Amino acid sequence: MFRLAVGPHILPLCSSNVPTHNIYVYKGRLKSYFSYRSAITIVNEYERAVIFRLGRILDRKAKGPGLFFVLPCTDNFIKVDLRTVSFNIPPQEILTKDSVTVSVDGVVYFRIHCPISSVANVSDANSSTRLLAQTTLRNVLGTKNLSELLSDREGISLSMQDALDEATHLWGIKVERVEIKDVKLPLQLQRAMAAEAEASREARAKIIAAEGEMNASRALKEASLVISESPSALQLRYLQTLNNIAAEKNSTIIFPLPIDILQNFMQRK
């Protein structure tokens, strides 16, 4: 409250949120006594002050950090925090491109890079950014398949960051990072995917075993061709087999009998 004193009378002049100031008129001279506490303001290193003088932004430039002066009754200022702010995106029920319902949540990191725009162009920059992040998450994931959602999280995060940064540029906000935290699938879909993955693993295992058998048969065929060219090689292979058997079972001795000898007896009969 300002008070105007004319002679012995004191009349109220105007009201303000600042502390009371006394303005005295004596013998045609106006003497003003301002309180230094109401005129001097300090903002921190990570803050800026947007000053309004008679409803207009002063100099189109934020003040701070440090000390600055404001005029009582005519100036009003708003402090803006320039530090990075993070918030969680609540879980969103999203229908993917291939008609699968999933629940996805995430986290967004942003900061204010233009205090003037954050105050003059939007009523509540933080709340508006939170709501926009939820709708952007729905819009971006609605164009992706389930396989892309599970395998390309980094690409989805970059797409969301670009979309949010472009939309909030007029608000003086810079979106620094967007991350997808968790993707929750329905229980039945999890069981179906587990069964599909198990069947796929079994099919690959059978294919690998079949390829191993084929390679082994080819190697045996090549070995038999080499052995058939030299009778001494067959005898050496026979002795090596006896050595291996004797090392494991000493009480067992095997004497292989060539089939050719039996064929000679059968022909005589």
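**Leu 54 and the loop between S6 and S7**

I began with Leu 54, which I found in the loop between S6 and S7, where helices and strands are DSSP runs (H or I over at least four residues for helices, E over at least two for strands) numbered from the N terminus. The model I am reading is predicted, so I kept to its rule that local features need pLDDT of at least 70 and side-chain atom pairs count only at pLDDT 80 or more, while totals for chains, interfaces and linings use all residues. I also noted that residues are numbered from 1 along each chain as its sequence is written, and that side-chain values use heavy atoms, with hydrogens and water left out.

I looked up the backbone of Leu 54 and found a positive phi of about 55°, although Leu 54 is not a glycine. Most residues other than glycine have a negative phi. Leu 54 counts as exposed because its relative accessibility is 69%, the scale being buried under 20% relative accessible area, exposed over 50% and partly exposed in between, with a 1.4 Å probe and protein chains only.

With a relative accessibility of 35%, Cys 73 counts as partly exposed.

Most peptide bonds are trans.

**Salt bridges**

I searched the whole structure for salt bridges, meaning a side-chain nitrogen of Lys or Arg within 4 Å of a carboxyl oxygen of Asp or Glu, and the search gave 5 of them. One of these joins the side chains of Arg 53 and Asp 75, at 2.8 Å from N to O. This pair links distant parts of the chain, with Arg 53 in strand S6 (residues 47–53) and Asp 75 in strand S9 (residues 75–81), 22 residues apart. Arg 53 is partly exposed, as its relative accessible area is 31%, whereas Asp 75 is buried at 13%.

I wrote down another between Asp 81 and Arg 83, whose closest N and O atoms are 2.8 Å apart. Here Asp 81 is partly exposed at 30% relative accessibility, and Arg 83 is partly exposed at 44%. A further salt bridge brings together the side chains of Arg 177 and Glu 179, again with 2.8 Å from N to O; Arg 177 is partly exposed at 47%, and Glu 179 is partly exposed at 27%.

**Surface patches**

I looked next at patches, which are made of residues with over 30% relative accessible area and no salt bridge, like charges being joined within 9 Å and nonpolar side chains (Val, Leu, Ile, Met, Phe, Trp, Tyr) within 5 Å. Ile 42, Leu 67 and Phe 69 make a nonpolar surface patch of about 350 Å², the areas coming from the Shrake-Rupley method with a 1.4 Å probe, where for residues only the protein chains shown count as cover. Phe 69 belongs to strand S8 (residues 66–69) and is exposed, with a relative accessible area of 56%.

I also recorded a negative surface patch formed by Asp 98, Glu 148, Asp 152 and Glu 154. In this scheme Lys and Arg count as positive and Asp and Glu as negative, while His and the chain ends are not counted; the charge is placed at NZ of Lys, CZ of Arg, CG of Asp or CD of Glu. Glu 154 sits in helix H5 (residues 153–167) and counts as exposed, at 64% relative accessibility.

**Asn 145**

I followed Asp 98 to Asn 145, which is in contact (heavy atoms within 4.5 Å) with Lys 97 and Asp 98 when its neighbours within four places in sequence are left aside. Asn 145 is in the loop between helix H3 (125–141) and helix H4 (146–151), and at 24% relative accessibility it is partly exposed. I noted that 8.4 Å separates the C-alpha atoms of Asn 145 and Ser 99, which are 46 residues apart along the chain.

**Whole protein**

Of the contacts with a separation of 6 or more, 57% are between residues 24 or more positions apart. The accessible surface comes to about 19,100 Å², and 55% of this belongs to carbon and sulfur atoms.
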